[in-house]
Structures are given as structure tokens and as C-alpha cells.
Amino acid sequence: MRVLSLGRWLRAGRVPPREPASRPSGHRHSGHRPQGPPQELPQGPSQKVSVEVLEHLEHLALVDFRDSEGVERLQKAIQFADQLHEVNTDGVEPMDSVLEDRCLYLREDDVTEGNCTKELLENARETVEEYFVAPPGNIPLVKLEGQKTFLQGSK
Amino acid sequence: MAAVLAMVARGCGGVWRRLRQRCAVRPGSGPFPRGERAVACNARGGMMSAGKSGLTPWIPVVGLEIHAQISSNSKLFSGSQVQFAAPPNSLVSFFDASLPGTLPVLNRRCVEAAVMTGLALNCHINKKSLFDRKHYFYADLPAGYQITQQRVPIAVNGSLSYSLCIDNKMSQMVTKTVRIKQIQLEQDSGKSLHDDARSQTLVDLNRAGVGLMELVMEPDMCCGEEAAAAVRELQLILQTLGSSQAVMAEGQLRVDANVSVHHPGEPYGVRTEVKNINSIRFLAKAVDYEIQRQIEELGNGGTISNETRAFDSKLGCTVPMRDKEGKQDYRFMPEPNLPPLILYDAKSLPANMNHQQVINIDWIRERLPDLPSVKREKLVEQYGILPEHSFTLLVWQQDQNCNSRHSNEDGLPEFFENVVKQTQMKPKKVIGWILNDLLSYLKQHSLTVKESPVSSFLLADLLNLLEKKEISSTAAKQVLAELWKGKGKTPLETVKEQKLELLQDQKELEQICQAVIDGQENEVMAIKAGNQKVLNKLIGLVQKKTQGRSNPVLVKQLLEKKLSE
């Protein structure tokens with residue numbers, strides 16, 4: 001699972017592997033099995049999460065870790081998730097979701113919804129002639145001059 | 001530049017030869033004898049660019065990613081309507097707007113469309129396929145992720161065969177194949193209208209959630225023409241199946257091209273992705289431009305970066321798109337709200353399941369309509385027409401479909417078949433009248449076959465007159481021009497009105513022939529001396545005298561008989 005691999009990569013202090021930009025990759029995410037015997041709960045000094053990784057995460061998730069407490073919480077969260085490594089999953093197919101053995105319901109191709117423009121637009125702070133209004137394009141993360149993010153400040 | 005385009009590409013020699021010929025027309029690039037082989041061009045190129053290092057040929061590699069909007073009443077995961085051009089945000093359900101608490105419910109028709117398409121393209125249909133989330137932020141993607149099939153798509157490993165004409169005359173067609181890597185179901189995003197003046201984007205979610213089939217092709221093509229031909233054939237197939245109307249102008253078929261170049265024997269070069277291609281013609285232009293651009297860039301010692309470029313149709317070139325922040329990390333994860341999609345076939349059909357919940361691949365396969373390639377073969381077999389004619393018949397129908405929203409059921413092939421049924425003229429001759437005369441009228445007046453003022457019945461009637469030798473073929477063309485005005489007259493009425501009937505009275509014809517012979521002493525002597533070509537002049541004179549109402553073959557016979565007396 002993605003969380004596991006993230007944990008391992010972070011501990012190794014490297015950037016997690018990126019997905020290719022537009023082509024879907026052929027391989028499944030099933031290859032991440034823990035190596036060796038089940039590990040103990042990682043105590044003691046684990047490697048610090050690297051700055052590049054944190055910046056990458058901030059970028060992707062559009063969050064700001066803000067201060068050392070935030071980073072510390074992330075660290076602890078990773079440690080917590082690493083407990084999953086205790087389980088030996090050799091030869092076990094990864095689960096997709098708790099629904100994976102249910103039947104996928106197929107709906108008939110009938111028009112049953114829509115025509116609620118007014119209701120939907122009520123949610124929007126700003127509208128223009130029944131369009132939603134959004135900021136222009138994708139604005140790159142602003143690196144304000146005087147105000148560095150916590151991470152940059154701590155470099 | 002033309003000299004640099006020496007090509008040893010897989011089967012692409014012909015096309016690149018033509019391009020070089022076009023380039024050769026420009027001043028300064030020197031004369032190129034037609035039909036030169038790549039080797040000769042190499043030699044010539046070597047002479048031209050004496051300063052540069054040895055010219056090794058470039059192999060362009062083109063791969064396409066095609067998004068085809070599924071033709072269905074409602075969207076992929078919700079019950080809102082699928083329709084082009086509706087008031088903004090009127091075809092949007094709560095799920096499409098990504099309001100909390102909504103869940104995706106898969107549309108059966110979309111799955112069937114994808115299975116049909118997969119079968120038509122010789123794919124292996126995965127009986128179990130999975131849905132995933134692809135995360136990225138954009139205003140027209142309200143959920144922040146798109147539901148797609150990244151891990152296990154619905155169909156894989158197919159192929160698409162298409163025809164390409166080697167020269168401009170369409171007299172030689174080759175069949176090529178491109179491999180289909182996979183077909184997957186995914187959601188469409190909404191539409192953004194960028195308002196740069198007010199620094200805002202207006203978002204319309206009518207399109208958000210519409211079902212798409214993404215077809216990923218392997219990079220088996222090597223030029224714009226191949227790409228265009230492949231997409232045309234795919235369009236035809238999709239329209240025949242009904243799984244997508246594939247009208248590029250309405251965004252129902254979107255093509256992105258991945259282009260790279262490399263030297264033979266070396267690994268593939270860095271590829272660029274070309275987007276914003278709005279028609280098949282532009283696809284060919286964009287691909288060819290990008291190939292040339294890359295060759296020039298690399299030839300000048302530059303490098304190609306793995307970027308996304310947009311095709312500017314006005315300038316006919318590709319330009320770098322607005323810089324996206326580095327490579328995207330889509331953080332794929334399984335879609336937790338959708339179990340795996342299970343498809344069945346005749347063998348694995350479960351006994352006690354509700355019919356409506358079961359999709360049977362074999363049942364769908366049995367009901368697939370005749371694919372275009374099969375239709376073409378049948379026409380050739382049944383009517384003895386040439387493959388290229390068969391190709392044109394179907395391509396015209398496709399062009400019609402592209403220009404109009406409504407699928408044209410009574411198309412040109414049907415018209416042709418109707419005429420054949422109602423006339424004694426051989427299909428091989430009828431096809432000439434359809435493709436040369438009727439088609440040019442239709443094109444001139446921008447009409448569909450349905451709108452033609454000349455019905456198949458009228459045309460058959462006219463061709464019968466011609467076949468019975470009651471009129472000459474020139475007269476027939478005249479009658480057709482008159483019929484085209486749509487005044488409701490029959491061919492026979494028109495013939496009588498314009499006095500176009502062939503003279504049936506042999507005696508009268510003989511008299512006229514004799515009169516011509518008597519009046520043209522010099523020509524008669526020339527013919528008797530052995531110059532047969534002058535006979536045509538005499539025939540022409542007879543035609544004039546009879547006001548085009550004489551059968552030229554008969555006239556020739558009579559003249560020859562008289563001259564030999």
C-alpha cells in the first residue's frame with residue numbers, strides 16, 4: 001500500500017517514487033512486502049524526514065507544516081503507521097478496499113438527476129451568469145519574499 | 001532542412017518522400033527528382049550540408065493517447081444527462097459537483113460501450129478490472145481527483161488496422177497496424193473558460209463526470225499522416241459501434257500526440273506531448289511540425305525536454321504550454337467506494353444473478369455490427385468495385401458524421417446499393433457516377449446524401465437510359481445537372497425537353513456521316529493515307545451536326561465503313 005512505501009522511503013531519507021506524468025504505469029502496487037522478520041516498534045532516533053520530501057508533500061497536499069510541532073506530528077504518524085510492518089504478508093494478495101468482495105452495482109442508463117443549477121450555485125461565494133468562479137489557472141505556490149515557510153526558515 | 005529528412009522509418013518512406021517533394025518546391029532547396037529513395041536523398045543531403053557531421057537518418061516515433069466520450073444518456077457515475085451545449089451547470093448532479101455524502105454508481109451502458117470498443121479493437125477484455133483515484137488540483141475537477149482505471153483497465157493488448165494511400169491519387173493503399181496498449185474507463189472533467197481580463201476562470205460542470213474511454217496506443221507510428229489515418233479509422237469504428245459519436249469538433253474525441261525522434265539502433269529520444277489538437281487535419285500538421293522541430297533542434301546541437309506543448313492552429317506550430325510546476329505526482333490510490341468490476345462470458349455466467357446486473361462479453365461480441373473494414377470488403381466482393389472506391393464510399397459517410405450531430409444512416413454506401421438494385425448498369429460503372437458526379441455535387445453544395453435532390457431512384461432511371469443507349473454519356477451528365485436543380489422532372493422528361501436523345505434513325509445518321517465526309521476532303525485523304533487520328537475530328541464534326549445526339553461508337557463504325565468503300 002502506498003502509505004507503507006511512503007514510510008519506508010521517508011525513513012531512508014529519500015523522495016518517494018513519482019508516478020509518470022500522463023501515462024498510467026503498468027505495474028500494480030503489490031510489491032511492497034516487508035523484508036526479514038517482523039520488526040519491533042521503531043523506538044529511538046528514527047531518521048528525520050528530509051526537507052525535500054516535506055516540501056514535496058506541502059506542494060502536493062497544499063498544506064503548510066507551519067512549525068516543528070507539525071513536522072513532529074508527521075514523524076509520529078509515520079511511526080505509528082510503520083506498525084503495519086509487523087504483519088507478515090508473504091504470499092497474500094493486497095486488499096483493494098473493504099468492499100472488494102461485494103458486487104459492483106450497475107445502474108441503468110437513465111437520466112435521473114440534474115437541473116438543480118440554482119441549488120448548486122447557492123454554495124458558491126461568487127458566480128457569474130450561472131458559472132462558478134475560480135482563480136485563474138493553476139497558481140504556483142507563492143514564495144513570498146519576507147515570509148518563508150517554516151521549512152525554508154529552518155534550513 | 002529538407003535534406004535532413006532522410007528517412008529510414010518503418011514503412012514511412014513513401015510519405016517522407018512526398019514531404020521532401022513538397023519542400024523541394026521552395027526556392028533554394030534545389031530540385032528533387034520524384035520518387036527518390038531515402039538512400040539517394042542521403043547522398044544529396046550529404047552534399048548539401050558539407051559542414052555538418054555525417055547525416056544519419058532520424059526515425060520519428062509517434063504514440064497517441066485518445067479520449068473518446070462515451071455516447072450514453074447519463075454520466076459514468078451519476079444520473080445527470082450527457083448533452084453538448086446546455087445552459088451552464090444545468091446537467092450537474094450533487095455527485096458531479098462533489099458535494100459531501102455523494103457516492104459513484106456505475107452506468108451499465110458505459111461498461112458495455114467500453115467492452116464493445118475493446119472487442120472491435122481485438123483487445124483482451126479483463127474480466128476483473130479496478131477503479132482508482134488520480135489526484136490533482138484544478139478548478140474543473142471539484143473532487144480533487146478523477147476516477148479512472150490505472151492498475152487494471154477494462155481492456156488491454158489490442159490492435160487497430162488502418163489504410164494509407166501511398167500516393168496522392170489514392171490508387172495504392174497499404175494496410176498498417178498500431179497496437180492498442182489499453183482501454184480504460186474514466187471521468188471527464190468540467191470545462192474552464194479562462195477570463196484573463198478579469199483574472200478569473202469560469203467553471204461549467206456540465207461535462208464533469210461524463211464517461212470517457214481512454215485509448216492508449218503504442219508508439220508504432222512514424223508521421224502525421226499515419227496518425228491521421230489511424231484516428232480516422234478509429235473514428236469510423238467508434239461511430240459504427242455507436243460507443244462514441246467521436247466528433248472532434250464537439251470534443252467527443254480528443255487526441256494527444258507523444259512525439260520523439262532517434263537514430264536507428266539508438267534508444268528512443270525524449271518525447272514531448274502535443275495537446276490542443278482540434279481536428280484530424282491539425283493532428284497530421286501538429287505531429288509533422290513537432291517531428292521537424294525536434295530534428296532541427298537536435299541537428300543544431302540542442303536538446304529536447306520532456307514537456308507539454310500546445311498546437312497553435314493559426315501559426316501551424318507547437319508552442320510550450322504554460323509551465324506546470326514540475327512533474328505531477330498523481331498519488332494513485334484504489335477507489336474505495338467501488339468494488340472491482342466483474343464481467344462474465346458464456347462459460348462463467350452466474351446462474352442466479354439478476355440479468356440486469358450481468359454483463360456478458362460473448363453476448364456483446366455476437367451483437368457487434370460489421371466493422372468498417374468488413375463493410376468495405378463486402379462491398380468489394382459483392383459489387384466488384386475497387387478497394388479504393390469502397391474506402392471513399394465509407395470515408396464520405398464519416399465526414400458527414402463529423403459535420404453533423406445526427407448519425408447519417410442513409411449514407412453513400414446505401415445510396416450506391418439502392419442505385420445498383422434499380423439499374424441494369426454494372427456496379428463498376430455505377431460507382432463512377434456516384435463518386436465522381438454525385439459526390440462532387442454534394443460537396444459543392446455542402447449537402448448530405450439525405451439532402452440530395454437526386455434520389456437513388458432518379459439516378460438509376462438516368463443510368464438506365466444511358467445503359468440502353470438512348471442517350472450518350474455527355475448527354476447524361478447534362479441531364480444530371482438539370483436534375484440537380486430539383487425541379488421534379490424525370491430524366492426522360494429532361495431528355496425530351498432538351499432534345500438529347502440519341503439519333504436512332506440509322507439512315508439519317510448515315511446521311512450526316514456522308515455529308516461530313518464529302519465536306520472534308522483533306523481529312524479523308526489523310527485517313528486513307530493511314531492517319532487514323534484524324535477520324536476523331538470527323539466524329540467530332542458529326543457530333544456537332546447532330547447536336548451531340550449521336551452515339552460516338554456507332555458514328556466511328558459508320559465513318560470507317562464509308563471510308564473503306
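Confidence was examined for chain A. The mean pLDDT of chain A is 70, and 56% of the residues score at least 70. Among the elements of chain A, helix 1 (residues 2–11) has the lowest confidence, with a mean of 48, whereas strand 1 (residues 106–107) of chain A has the highest, at 96. Residues 1–7 of chain A stay under 50 in pLDDT, and the model gives them 13 contacts beyond four places in sequence. A further stretch of chain A, residues 12–34, also has a pLDDT below 50; in the model it makes 59 contacts beyond near neighbours in sequence. Where pLDDT is low, predicted coordinates should not be read in detail.

Two helix pairs of chain B were described. For packed helices, the description rests on the angle between the axes and the distance between them. Helix 10 (residues 427–444) of chain B and helix 12 (residues 473–484) of chain B cross at roughly 30 degrees, and their axes come within 11 Å. Angles under 35 degrees count as roughly parallel, and helix 10 and helix 12 of chain B are therefore roughly parallel to each other. The crossing of these two helices is right-handed. On the side of helix 10 of chain B, the contact is made by B:W433, B:D437, B:L438, B:Y441 and B:L442; these meet B:S473, B:A476, B:K477, B:L480, B:A481 and B:W484 in helix 12 of chain B. By class, the residues of this contact are eight nonpolar, one polar and two charged.

The second pair is formed by helix 15 (residues 521–529) and helix 16 (residues 534–545) of chain B, which pack at an angle of about 140 degrees with their axes 9 Å apart. Helix 15 and helix 16 of chain B are therefore oblique to each other, and their crossing is left-handed. Helix 15 of chain B contributes B:E523, B:A526 and B:I527, which meet B:V534, B:L535, B:K537 and B:L538 in helix 16 of chain B. This contact has five nonpolar and two charged residues, and no polar ones.

Over all chains, the structure holds six aromatic pairs. One of them joins B:Y136 and B:Y330, whose ring centres lie 6.0 Å apart with the planes at 75 degrees, so the pair is edge-to-face. B:Y136 is located in the loop between strand 5 (132–135) and strand 6 (145–148) of chain B, and B:Y330 in the loop between strand 15 (317–320) and strand 16 (333–334) of chain B. The pair therefore ties together parts that are 194 residues apart in sequence.

Technical notes: Residues numbered from 1 in each chain as written. Chains lettered and ligands numbered in written order. Predicted model: local features only at pLDDT ≥ 70, side-chain atom pairs only at ≥ 80, totals over all residues. Heavy atoms only, no water. Axes fitted to C-alpha atoms, helices over the stretch in contact; angles between N-to-C directions. Helix = DSSP H or I, 4+ residues; strand = E, 2+ residues; numbered from the N terminus. Parallel < 35°, antiparallel > 145°, perpendicular 65-115°, else oblique. Left-handed = near helix turned anticlockwise from the far one by under 90°. Contact = heavy atoms within 4.5 Å. Nonpolar A, V, L, I, M, F, W, Y, C, P; charged D, E, K, R; others polar. pLDDT = per-residue confidence, 0-100. Phe/Tyr/Trp six-rings, centres within 6.5 Å; stacked < 30°, edge-to-face > 60°.
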